[in-house]
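Please look over the model shown here.

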Amino acid sequence: MGQRGLFFFGSIVLTILLQMVSSALGAGGVLLALLVPFPAAYVHMRFGAQLGGGVVAATTLLLAVTGDPAASLGYFLQFGLASFLLPLLLRRLWPWDRAVILTTLSLVVLAAMALGLYAGSKGISVKQIAADYVQKEVDQALQVYQQSEVTPQQTAELEQMLRGLEDFLLQAYPALAITVTWGILLLLVYLLSRFSRGRYAIPGPPFHLWKASPLLVWILIGGGFGVVLFNGLIDVVSLNLLAVVLPIYFLQGLAIVSYFFIRKNISTGFRVMGYLLIFFLNPLPMVVTGFGIFDLWADFRKPKIKET
């Protein structure tokens, strides 16, 4: 068996293991689930569409034969298509940011069509499916927390917070689906870049120099006014616009931080620590998002010219 065969079969085994283990762990397997599309995408980038597509097809078929056909379809829609479409565009020299946008739109449209067909077959609305899913996740989170050693007052406070979060999720679930999808694709681009080792190239600007389109600020302004000034449908649409745009500005803020890490020659260990703090320590995510927004006017990465 040659190198192509080893990567082909190894990728299928690794993908199935990641899919099964992450599913078995439930909420605890989220990080593993994010890695599911990587093996097939790597094979696609390194050896071409035929072998990469073969990994996706064989994995989908094996999951359907050995497990739940619904889980097989879920893998195909959520990860399989992503691990085929994104490398296909990258190999055709699409810049990575545009490839992520087009792949995200393609996946969201296909998922919406599949969800619509499923809802039609069950005689219920898509919104009801989303409500049932959110309700189930909130109930599971409460159940886990109630089993831990917490006081009744803490449990009541958590329940109040989760019920408030539930209302937000039900209103913003279309935008959150888009944001989660492009988040997974961005992680996939990062992993493909880290493991390329000169065997293939990721087209597009380096991340630390990346900027969002200046026109995006008008969506941000419109969404902000819509949330503040209106109720009903306009409020919901505006909320969804903000839920899509603000993470993009967070990404731009992250690119600014990455630029200064590189410019100041910060060691890898401190960079990792800095990124972890940005992701998990409030209010740093909001601060970084603010950097991304005001970069339109301040241009933080513009070289400073010393006056003589």
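Aspartate 299 is partly exposed, because its relative accessibility is 23%; buried means under 20% relative accessible area, exposed means over 50%, and partly exposed lies in between, with a 1.4 Å probe and protein chains only. This is a predicted model, in which local features need pLDDT of at least 70 and side-chain atom pairs count only at pLDDT 80 or more, while totals for chains, interfaces and linings use all residues. Residues are numbered from 1 along each chain as its sequence is written, and side-chain values use heavy atoms, with hydrogens and water left out.

Which residue does the side chain of aspartate 299 meet in a salt bridge? The partner is lysine 211, at 2.9 Å from N to O. A salt bridge here is a side-chain nitrogen of Lys or Arg within 4 Å of a carboxyl oxygen of Asp or Glu. The pair links distant parts of the chain, 88 residues apart: aspartate 299 is in the segment after helix H12 (284-298), and lysine 211 is in the loop between H8 and H9. Helices are DSSP runs of H or I with at least four residues, strands are runs of E with at least two, and both are numbered from the N terminus. Lysine 211 has a relative accessible area of 39%, so it is partly exposed.

The structure holds two salt bridges. The other one joins the side chains of arginine 301 and aspartate 295, with an N to O distance of 2.9 Å. Both arginine 301 and aspartate 295 are buried. Side chains of opposite charge can pair when their charged atoms come close.

The backbone comes next. A cis peptide bond, with omega about 0 degrees, joins asparagine 282 and proline 283. Proline 283 is in the loop between helix H11 (268-280) and H12. Leucine 93, which is not a glycine, has a positive phi near 70 degrees. Its place is the loop between helix H5 (69-91) and H6, and leucine 93 counts as exposed because its relative accessibility is 66%. Arginine 197 also is not a glycine and has a positive phi, of about 50 degrees.

Arginine 197 lies in the loop between H8 and H9, and its relative accessibility is 64%, so it counts as exposed. Phenylalanine 195 is found in the loop between H8 and H9. With a relative accessible area of 39%, phenylalanine 195 is partly exposed. In sequence, phenylalanine 195 and glutamine 50 are 145 residues apart; in space, their C-alpha atoms are 20 Å apart.

Now to the second largest pocket. Rolling a probe the size of a water molecule over the atoms shows where empty space is left. On a 1 Å grid over the protein atoms alone, a cavity is a set of points where a 1.4 Å probe fits but cannot get out, whereas a pocket is an open set with protein on both sides within 12 Å along at least five of seven lines; lining residues have an atom within 4 Å of a point. The second largest pocket has a volume of about 560 Å³, a volume being the space filled by probe spheres set on the grid points, which are joined across faces, edges and corners. It is lined by 22 residues, of which Ile101, Trp182, Leu216, Val244 and Ile248 are the closest to its centre. Helix H6 (96-122), helix H8 (152-194), helix H9 (216-229) and helix H10 (232-263) are the elements that give two or more residues to this lining. H6 gives the most, with seven residues. By class, the lining has 16 nonpolar, three polar and three charged residues.

What forms the nonpolar patch on the surface? Leu215, Trp218, Ile221, Phe225, Val227, Val228, Leu229, Phe230 and Ile234 do, with about 950 Å² of accessible area together. H9 gives the most to this patch, with six residues. Valine 228 is in helix H9 and counts as exposed because its relative accessibility is 66%. Glycine 226 is in helix H9, but at 4% relative accessibility glycine 226 counts as buried.

Note on methods. Nonpolar A, V, L, I, M, F, W, Y, C, P; charged D, E, K, R; others polar. Patch = residues over 30% accessible without salt bridge, like charges linked within 9 Å, V, L, I, M, F, W, Y side chains within 5 Å. Areas by Shrake-Rupley, 256 points an atom, 1.4 Å probe, with all protein chains shown as cover.
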